[in-house]
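My entries follow in the order I made them.

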Amino acid sequence: MPILFFKSQYYLYFPLLVLLAMSSSCQSLSKSKTSASTKQLNGVYILTKQKSQTRLVSVGYKDTKIVIDDYEKTISCFVGCNTIQADFFYENGKIKPIHYVATEKACQDYILDLELDFLDNLSKANLYTWKEDDLMLYHNDILLMVWHLKE
């Protein structure tokens with residue numbers, strides 16, 4: 001007898017329940033697709049190229065270290081002499097303005113020039129792209145820096 005009760009009173013709601021279940025599963029699929037399209041940049045990088053004056057140059061100094069922490073939304077950098085810290089917010093290829101703090105130690109001229117260019121480029125970066133293990137930072141369409149992900 002309970003089967004007849006279900007059929008007679010609730011059969012009109014069954015299609016609505018099926019549509020509701022399908023709708024919620026489609027929404028969860030679209031959310032996972034969106035989050036997968038935004039690459040997480042979390043990791044340790046080295047500076048391989050950066051804009052200096054008017055051109056992009058290779059950086060011969062291999063002791064650079066750039067750490068992006070997605071959880072804390074920060075970036076910490078060591079480019080040779082001073083330590084640089086900043087909040088780091090990015091999404092879908094865009095970088096929010098970076099306001100950094102840095103130590104001000106006396107450095108060798110080459111390292112000082114490298115760091116000054118780095119800080120200038122970092123403060124201008126507003127876009128990024130990712131290709132293989134390289135993170136490229138831009139100011140509009142001008143390439144400022146290339147960071148290589150350390151394994």
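Entry 1, burial. I call a residue buried when its relative accessible area is under 20%. The model is predicted, and I kept that in mind throughout.

I searched the whole structure and found five aromatic pairs. One of them joins Phe-88 and Tyr-90, with 5.7 Å centre to centre and 45° between the planes, a tilted pair. Tyr-90 has a relative accessible area of 16%, so I noted it as buried. Phe-88 is buried too, at 2%.

I then looked up Phe-118 and Trp-147, which form a stacked pair with 6.3 Å between centres and 25° between planes. Phe-118 is in helix α3 and Trp-147 in strand β11, 29 residues apart, and the pair links distant parts of the chain. Both residues are buried. Ring pairs also bring Tyr-45 and Trp-130 into a cluster with Phe-118 and Trp-147.

How many salt bridges did I count? The count is one. Asp-120 and Lys-124 form a salt bridge through their side chains, 3.2 Å from N to O. I found both residues in helix α3, four residues apart, or about one turn of the helix. Asp-120 is partly exposed at 37%, and Lys-124 is partly exposed at 35%. I also noted Lys-96 over the face of Phe-89, 5.9 Å from the ring centre.

Entry 4, strands. Strands β1 and β2 run antiparallel and are joined by four bridges. In this pairing I found Lys-49 opposite Ser-58 of β2. The two strands form a hairpin with two residues between them. In the turn, Gln-53 has a positive phi of about 60°.

Key:
Residues numbered from 1 in each chain as written. Predicted model: local features only at pLDDT ≥ 70, side-chain atom pairs only at ≥ 80, totals over all residues. Heavy atoms only, no water. Salt bridge = Lys/Arg side-chain N within 4 Å of Asp/Glu carboxyl O. Buried < 20%, exposed > 50% of the residue type's maximum accessible area, 1.4 Å probe, protein only. Pairing = 2+ DSSP bridges. Phe/Tyr/Trp six-rings, centres within 6.5 Å; stacked < 30°, edge-to-face > 60°. Lys NZ or Arg CZ within 6 Å of the ring centre and 35° of its normal.
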